[in-house]
Amino acid sequence: MKKERYLLPLILILVWQGLSSVQVIPSYKLPSPVEIVLGFRDILIVGVPPGHLLHNHMLYSLYRVALGYAVAALLAIPLGLLMGWSPGLLRMIRPLFELVRPIPPLAWIPIAILWFGIGIKSAAFIIFLGAFFPILLNTISGVLSINPILIEAARTLHAKEKDIFFKVLLPGAVPSIFVGMRIGIGIGWMTLVAAEFTGVKEGFGLGYMIMTARDIQRPDEILAGMLVIGVIGLLIDIGLRAIESKTIKWQ
Amino acid sequence: MSLDLLELSKTFQGKGWGESVHVLENIQHRIENGRFVSIIGPSGCGKTTLLRIIAGLEKASAGKVLLDGKELVQGTEEVGLVFQEYALFPWRTTLQNIEMGLEIKGVEKEKRREIAMEYIKLFGLGGFENRYPKELSGGMKQRVAIARTLIMNPRVVLMDEPFGSLDSQTRDAMQEFLLSIWQGRQGTTIVFVTHNVDEAVFLSDEILVFSKRPARILERFEVGMPRPRDRTSPECNRVKREVLQILSKETEDSMGLPWIK
Ligand SMILES: Nc1ncnc2c1ncn2[C@@H]1O[C@H](COP(=O)(O)OP(=O)(O)OP(=O)(O)O)[C@@H](O)[C@H]1O
Ligand SMILES: [Mg+2]
């Protein structure tokens, strides 16, 4: 079973390498796997632009995402719990959010630059927008999906509103909150790279790195950078899943 | 000293153009403290609604519930309710479910652990204190649910078809277990809703047969046999027959099938 999973990718890579070697695929459009590995080595030790090494690009990107994502989670989770708890609040706030939510996070870039200037704040703001709504909506639906009988069971044990909020709604919504957090980080990570296309003051960031690689005509470095972006996204998701299954042992 | 149901009526108001449902009609009854009283009646007649009103989860449209002459206020510690569907908190272990009420009450951790562990032992849940509800059998879940209610020492315990979903062996064992627990708690009143006449006869001091909706008390049986009872004894069978006679007539009526005899 395990071996079969790697078989198809391996064959594809071999065929790709073969076609590149006999120049059926032009290397200035799509570099061969070997060239991409060499490109990876270059972004690792030479840097794009030279001196700006991969790990620094990664740190800057992760920092922007962490900032925007943390703010999104810290606001969306409590707000979502409150909105799920209070029908009045839900009715009041929802129309506003329904209006804002369909605007793609990237469409906010111009106004974000106007508000925050080019730099970490705008990037974090874009990521915030991408992550906020999935976390909020999933938190709300997590609260709403709690079996009302559990709330009543708590009431028969003399629970006050505060107890119901912290001992029933919050723990009951945790699985859904995790779903929202995973969708949120996925969207946040995607928007980050696009946000970095448009403006980075510090000269670091994975999106900035692959755009620079395009400017200097290095498709091998572009593809190596894309792979790094994908792998980091995957690792983040795996990490969150691990935290999730540690936290929710009861499902 | 007694639990008094005074002219209780309940109508669920339909939402918008929805029809309203008349569920309870003038329920008037006194239950002396410390008794085991079963309620039996056609499906959908309003048994759960009555328990919910006594527990304060629902407001009566008219009438009131008194305990020892005082009107019950919502959220009182005097009354505990065991739900039909267990209603365990799935994110809490056996131990955490059982100590939930004490936690809400603000009993400190060590103390409530100690009390909860006593209940775990008493209810034969030893070794399962750190399991989540999904890992427990139906009989165990029901024991957790009962322990979670009894740990608060309510004077009136309301039970809504607690053994309805158990297989018959587990059910018999749970009935005997419940009796032993109840007999160890002087003065605790149990109001027990069931569909099962056998169960009612085996357990109760008193059986109330409800009419179809809107529910009235059709008949009241005093079950005097000493415990432990033999489920197949002639006395038990006699009471069973009498209850069934009234019940089956009422059920036929409510299903509109009087020709099936
Ligand atoms: N919140 C509610 N709003 C409207 N109607 C309700 C509500 N709760 C219960 N009812 C109706 O009241 C009637 C009695 O319900 P109840 O659950 O008390 O019956 P029951 O005797 O417990 O039935 P069962 O034996 O099936 O458990 C039913 O017709 C039900 O549809
Ligand atoms: Mg019912």
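Helix 6 (120-144) and helix 8 (161-198) of chain A each supply at least two residues of the lining of the second largest pocket. The model shown in every view is a predicted one.

**View 1. The second largest pocket and the chain A helices that line it.** The lining of this pocket consists of 13 residues. Those that lie nearest the centre of the pocket are Leu129(A), Gly130(A), Phe133(A), Pro134(A) and Ile187(A). Helix 6 of chain A provides the largest share of the lining, 6 residues. Sorted by class, the lining comprises 10 nonpolar, 2 polar and 1 charged residues. The volume of the second largest pocket is about 180 Å³.

**View 2. The largest pocket, with helix 1 and strand 4 of chain B in its lining.** The volume of this pocket is about 320 Å³. A set of 16 residues forms the lining, and nearest the centre lie Ile53(B), Gly56(B), Glu58(B), Lys59(B) and Leu72(B). At least two lining residues come from helix 1 (47-55) of chain B, and at least two from strand 4 (62-67) of that chain. By class, the lining of the largest pocket holds 8 nonpolar, 4 polar and 4 charged residues.

**View 3. The residues around ligand 1.** The shell includes the run Ser43(B), Gly44(B), Cys45(B), Gly46(B), Lys47(B), Thr48(B) and Thr49(B). Phe12(B), Val23(B), Glu161(B), His195(B) and Arg213(B) also belong to the residues around the ligand. Helix 1 of chain B makes the greatest contribution to this shell, with 3 residues. The shell divides into 3 nonpolar, 6 polar and 3 charged residues.

**View 4. Polar side-chain atoms of Ser43(B), Lys47(B) and Arg213(B) beside oxygen atoms of ligand 1.** For Arg213(B), a polar side-chain atom is placed 2.5 Å from an oxygen atom of the ligand. For Lys47(B), the distance from a polar side-chain atom to a ligand oxygen atom is 2.8 Å. For Ser43(B), the corresponding distance to an oxygen atom of ligand 1 is 3.0 Å. Taken alone, ligand 1 exposes 630 Å², and the protein buries 63% of that area.

Definitions and conventions. Residues numbered from 1 in each chain as written. Chains lettered and ligands numbered in written order. Predicted model: local features only at pLDDT ≥ 70, side-chain atom pairs only at ≥ 80, totals over all residues. Heavy atoms only, no water. 1 Å grid on protein atoms, 1.4 Å probe; cavity = no way out; pocket = protein on both sides within 12 Å on 5 of 7 lines; lining within 4 Å. Points joined across faces, edges and corners; volume = space filled by probe spheres on them. Helix = DSSP H or I, 4+ residues; strand = E, 2+ residues; numbered from the N terminus. Nonpolar A, V, L, I, M, F, W, Y, C, P; charged D, E, K, R; others polar. Near = heavy atom within 4 Å. Polar contact = N/O pair within 3.5 Å; in protein donor to acceptor, adjacent residues only side chain to side chain. Areas by Shrake-Rupley, 256 points an atom, 1.4 Å probe, with all protein chains shown as cover.
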